[in-house]
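I opened my notebook today to look around a structure and write down what I found. Come along if you are new to this.

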Amino acid sequence: MKIDYIIVGLGLAGLAFAEELLHANKSFLVFEDDSQTSSLVAGGVYNPVILKRFTPVWNAKEQLEIALPFYEKLERKFNQKFDEKFQTKKAFKSIEEQNNWFAALDKPNLTDYLDSIIDTNKYQGVIGDLGFGNVKETGRIDTLTLVESYRNYLQKEHKIRFEKFDYSQIVFQESTISYKELTADKIVFCEGFGMKQNPFFNQLPLNEAKGELLIIHAPDLQIDFLLKSTLFVLPLGNDLYKVGATFNWKDKTSTPSEEGKNELIEKLQKVLDIPYEIIDQTAGIRPTVKDRRPLVGVHSKYKQLALLNGLGTRGVMIAPTVAKQLFQHLEHQQKLDAEIDINRFSS
Ligand SMILES: Cc1cc2nc3c(=O)[nH]c(=O)nc-3n(C[C@H](O)[C@H](O)[C@H](O)COP(=O)(O)OP(=O)(O)OC[C@H]3O[C@@H](n4cnc5c(N)ncnc54)[C@H](O)[C@@H]3O)c2cc1C
């Protein structure tokens with residue numbers, strides 16, 4: 001069978017690239033082996049502000065301009081809600097932090113997003129004597145439902161195989177590749193942390209970070225905003241909240257750990273003072289890059305092989321933009337942004 005593309009991996013990156021292909025009427029087949037969970041467990045939050053330092057997220061405005069209509073289009077396609085918009089409230093830990101907030105109000109890329117009035121309301125169960133700073137234009141994509149819906153859709157269209165892609169089976173022809181009974185013009189690898197197994201790209205500097213989350217049931221907590229403190233508390237409805245996340249650079253498994261759970265419980269004590277019950281715990285590995293920029297581009301020797309990876313901690317915002325750029329690069333020879341191009345690591 002001859003197709004235009006093979007995509008390896010159907011997380012946020014693979015999904016965004018598949019949308020580009022569908023839009024351009026290109027034929028493709030996805031391979032997905034359930035080895036990684038990042039897009040399934042992610043908080044799914046989009047927020048144009050880094051609340052640790054009160055600085056703008058890299059290219060946030062441009063990314064949101066592409067990402068929000070992208071998810072809206074998928075909502076229409078599947079007749080399902082994925083995007084829930086809400087306010088984020090940053091709980092101030094010190095007067096110094098409050099002062100930093102006021103200083104940040106005047107920064108050119110932040111004025112649109114930060115509220116100048118400090119919220120001094122009390123919220124039952126939330127520890128926060130120094131008030132809250134409101135961040136506008138934030139929300140959450142329900143990435144689990146989105147990825148599952150997308151996989152089901154591809155399955156119905158016979159465009160996905162739930163099996164491991166075996167790198168040793170690629171045979172290179174002059175301008176195409178063959179893989180088992182398939183011939184394709186190109187393969188786009190969207191494997192997240194799975195890239196470490198990919199002999200063609202595993203020399204690139206992924207500085208992956210495991211993250212763990214809890215789902216808690218807290219009926220006494222009645223918040224409809226994302227609470228950002230030492231960790232985030234994200235309302236899911238029905239008195240359920242997602243709490244996270246940890247950062248662990250040593251453990252390379254996607255399995256929830258006791259250590260992760262204890263860390264989250266300990267931090268939660270400083271954020272909430274109401275009873276709660278832990279309902280679930282999940283974990284995944286963020287495909288984070290040494291320089292905190294995505295990994296996008298074409299293999300230096302095998303031009304049929306391309307990479308879409310390195311979405312790090314912000315896959316929701318970044319994926320649609322970089323998928324578009326990679327598609328334009330592969331199909332229309334448009335130059336990639338130097339900041340995301342994997343060539344930046346070639347010596
Ligand atoms: C705890 C946690 C919280 C997070 N919170 C947020 C958040 O709030 N907002 C946000 O924007 N981002 C968040 N992220 C980051 C986000 O999850 C990632 O940026 C994004 O999901 C990465 O998507 P991806 O498609 O590149 O990788 P993945 O989601 O890892 O997808 C890669 C896919 O490739 C498949 N695969 C790999 N190798 C093979 C192979 N050989 N054959 C077949 N299939 C293969 C895997 O099974 C997987 O499905 C969070 C991550 C974690 C872990």
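**Entry 1: before I start**

I am working with a predicted model.

**Entry 2: the ligand and its neighbours**

Which residues come nearest to the ligand? I found 37 residues around the ligand, and Glu32, Ser39, Val45, Phe165 and Gly312 come nearest.

Gln36 has a polar backbone atom 3.0 Å from an oxygen atom of the ligand. For Gly43, the distance from a polar backbone atom to a nitrogen atom of the ligand is 3.0 Å. Gly44 places a backbone N or O atom 3.0 Å from an oxygen atom of the ligand. I then asked how much of the ligand the protein buries. On its own the ligand exposes 1,000 Å², and 97% of that is buried by the protein.

**Entry 3: what the shell is made of**

I sorted the shell around the ligand by residue class and got 14 nonpolar, 14 polar and nine charged residues.

Which helices and strands each supply at least two residues of this shell? My list has helix 1 (12–23), helix 2 (38–41) and helix 7 (315–332), together with strand 12 (209–217) and strand 16 (277–286). I also checked the domains: domain 1 (2–41 + 145–206 + 290–345) and domain 2 (85–138 + 207–286) each give the shell at least three residues.

**Entry 4: helix 1**

Helix 1 was on my ligand list, so I checked its length, and its twelve residues should span 16 Å at 1.5 Å a residue. The C-alpha atoms at its ends are 17 Å apart, which agrees.

Is helix 1 mostly covered or mostly open? It is mostly covered, with ten of its twelve residues buried. I wrote them down as Leu12, Ala13, Gly14, Leu15, Ala16, Phe17, Ala18, Glu19, Glu20 and Leu21. After helix 1 comes Asn25, which has a positive phi near 60 degrees.

**Entry 5: helix 5**

Helix 5 has 14 residues, and from its first C-alpha to its last it reaches 20 Å, close to the 20 Å expected at 1.5 Å a residue. Its buried residues are Thr143, Leu146, Val147, Ser149, Tyr150, Arg151 and Leu154. His158 follows helix 5 and has a positive phi, near 55 degrees.

A reminder to myself: most residues other than glycine have a negative phi, and most peptide bonds are trans.

That is the background for Asn79, which is not a glycine but has a positive phi of about 50 degrees. Where is Asn79 found? I located Asn79 in the loop between helix 3 (60–78) and strand 6 (83–91). Its relative accessible area is 72%, and exposed means over 50%, so Asn79 counts as exposed.

I went back to His158, which is not a glycine either and has a positive phi of about 55 degrees. His158 sits in the loop between helix 5 (143–156) and strand 8 (160–161). With a relative accessible area of 68%, His158 is exposed.

Then a peptide bond: the one from Gly244 to Ala245 is cis, and its omega is near -10 degrees. Ala245 belongs to the loop between strand 15 (240–244) and helix 6 (258–268).

Is Tyr167 buried or exposed? Tyr167 has a relative accessible area of 14%, and buried means under 20%, so I wrote it down as buried. Tyr167 lies in the loop between strand 8 and strand 9 (170–172). From Tyr167 to Gln197 the chain runs 30 residues, and their C-alpha atoms are separated by 8.8 Å.

Lys228 is part of strand 13 (residues 226–228). I found Lys228 partly exposed, at a relative accessible area of 27%. Lys228 and Leu68 are 160 residues apart along the chain, with 22 Å between their C-alpha atoms.

Lys107 is in the loop between helix 4 (95–104) and strand 7 (132–141). Lys107 is partly exposed too, with a relative accessible area of 32%. How far apart in space are Lys107 and His23? They are 38 Å apart, C-alpha to C-alpha, and 84 residues apart in sequence.

Note on methods:
Residues numbered from 1 in each chain as written. Predicted model: local features only at pLDDT ≥ 70, side-chain atom pairs only at ≥ 80, totals over all residues. Heavy atoms only, no water. Near = heavy atom within 4 Å. Polar contact = N/O pair within 3.5 Å; in protein donor to acceptor, adjacent residues only side chain to side chain. Areas by Shrake-Rupley, 256 points an atom, 1.4 Å probe, with all protein chains shown as cover. Helix = DSSP H or I, 4+ residues; strand = E, 2+ residues; numbered from the N terminus. Nonpolar A, V, L, I, M, F, W, Y, C, P; charged D, E, K, R; others polar. Domains from an automatic or database assignment. Expected span 1.5 Å × (residues − 1). Buried < 20%, exposed > 50% of the residue type's maximum accessible area, 1.4 Å probe, protein only.
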